[in-house]
Amino acid sequence: MSSEKKFRAGLVQIPVVLGDRRANMESVERWLSEYYRPADITTALVLPELWDTGYALDIVPKLADRNAAETTEFLGRLAKKYGCWFTGGSVMAEDNGKYYNRALIVNPGGELVTYYDKIHLVPFITVEDGVFEHGEKPCIFDMDGITCGSLICYDIRFPEWIRVYALKGVETLFICSQWTRSRMDLYRTMIRAHAIENMFFTVAVNNCDYSGDIDFGGESFVSSPTGDVLASCSGTRDGKFAEVDVTNINENRQFLKVFEKRLPHLYGDLCK
């Protein structure tokens, strides 16, 4: 029998103030003060996409955090204070003169473990593909013996990319987003479907309320590999925790053989 592999997922659902990093940092600190309680197991917190600035794309050169240094230091300080991981939530970063929508992975020691630059950039509503550079690689990391991955919002519309994570052994996928309120059924359905088809847990945190003139839907949630919702937030500022048990994921994958029985030689159209 496999030894137990569990952690606690925390949904840090806060409304993101457009263009005001200081106000958003204060909002994160208030959330932790209000919702966080110590636990005996690993705790992973996820923030919304671009939680530090929102989609203030008209002033990116002014706002972008150089090498994400300020936000990394901020999350590192909180991670050490609360003894938790930050496993999702992206920031507006500048790196070698280019701009990225970058998710930061920070451990309880306050160290930046890795980061993820959003691969698929939105060409509508908030037209980020004209501002940010896209990343080139998945974000996969070990969290106290659990294989985890992180991605960002629009990425969930690309199942080929998410399957890459599953094939690399990911047991829990963390997703941060800014998904509009009018499309929340799509958001939750797609993420639950990815959990089911890839046989891993998904932990998704969304922006909520108005950021600028766009209304974001909240409804952050945790889904099991069978699509069961383990925790769910409201449509406005909220916070929830769920215990996630990944112990039997690999055994279940081996039983159903959904990866083993793939026929990649028939899937050529995916690479066109």
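Modeller: A pocket is an open set of grid points with protein on both sides within 12 Å along at least five of seven lines. A volume is the space filled by probe spheres set on the points. Please keep in mind that this is a predicted model.

Colleague: What volume does the second largest pocket have?

Modeller: The lining of this pocket includes Met199, Phe201 and Pro225. The space is that of the second largest pocket, and its volume is about 150 Å³.

Colleague: Which helix gives the largest share of the lining of the second largest pocket?

Modeller: Among the lining residues are Ile249, Asn252 and Leu256. The largest share of this lining is three residues, and they come from residues 249-256, which form helix 6.

Colleague: How many residues of each class line the second largest pocket?

Modeller: Asp counts as charged, and Asp245 is part of this lining. By class, the lining has one charged, four polar and six nonpolar residues.

Colleague: Which helix gives the most to the lining of the largest pocket?

Modeller: The largest pocket holds about 310 Å³ of space. Its lining has 13 residues, and those nearest the centre are Glu160, Arg163, Arg262, Tyr267 and Leu270. Two helices, 159-167 and 184-198, each supply at least two lining residues. With five residues, the one that gives the most is helix 4.

Colleague: How many residues of the lining of the largest pocket are charged?

Modeller: Glu and Arg count as charged, and Glu160, Arg163 and Arg262 lie among the residues nearest the centre. The whole lining divides into seven nonpolar, two polar and, as charged residues, four.

Colleague: What is the volume of the largest cavity?

Modeller: In a cavity, a 1.4 Å probe fits but cannot get out. The count of cavities of 30 Å³ or more comes to one. Its 14 lining residues include Val122, Phe124, Ile125, Cys153 and Gln178, which lie nearest the centre. The volume of the largest cavity is about 210 Å³.

Colleague: Why is the protein described as compact as a globular protein of its length?

Modeller: The protein has six helices and 16 strands. For 272 residues the globule rule gives 19 Å, and the protein is as compact as a globular protein of that length because its radius of gyration is close to this value, at 18 Å.

Colleague: What percentage of the residues is buried?

Modeller: Buried means under 20% relative accessible area. Of the 272 residues in the protein, the buried share is 53%.

Note on methods:
Residues numbered from 1 in each chain as written. Predicted model: local features only at pLDDT ≥ 70, side-chain atom pairs only at ≥ 80, totals over all residues. Heavy atoms only, no water. 1 Å grid on protein atoms, 1.4 Å probe; cavity = no way out; pocket = protein on both sides within 12 Å on 5 of 7 lines; lining within 4 Å. Helix = DSSP H or I, 4+ residues; strand = E, 2+ residues; numbered from the N terminus. Rg over C-alpha atoms; globule rule 2.2 N^0.38 Å. Buried < 20%, exposed > 50% of the residue type's maximum accessible area, 1.4 Å probe, protein only.
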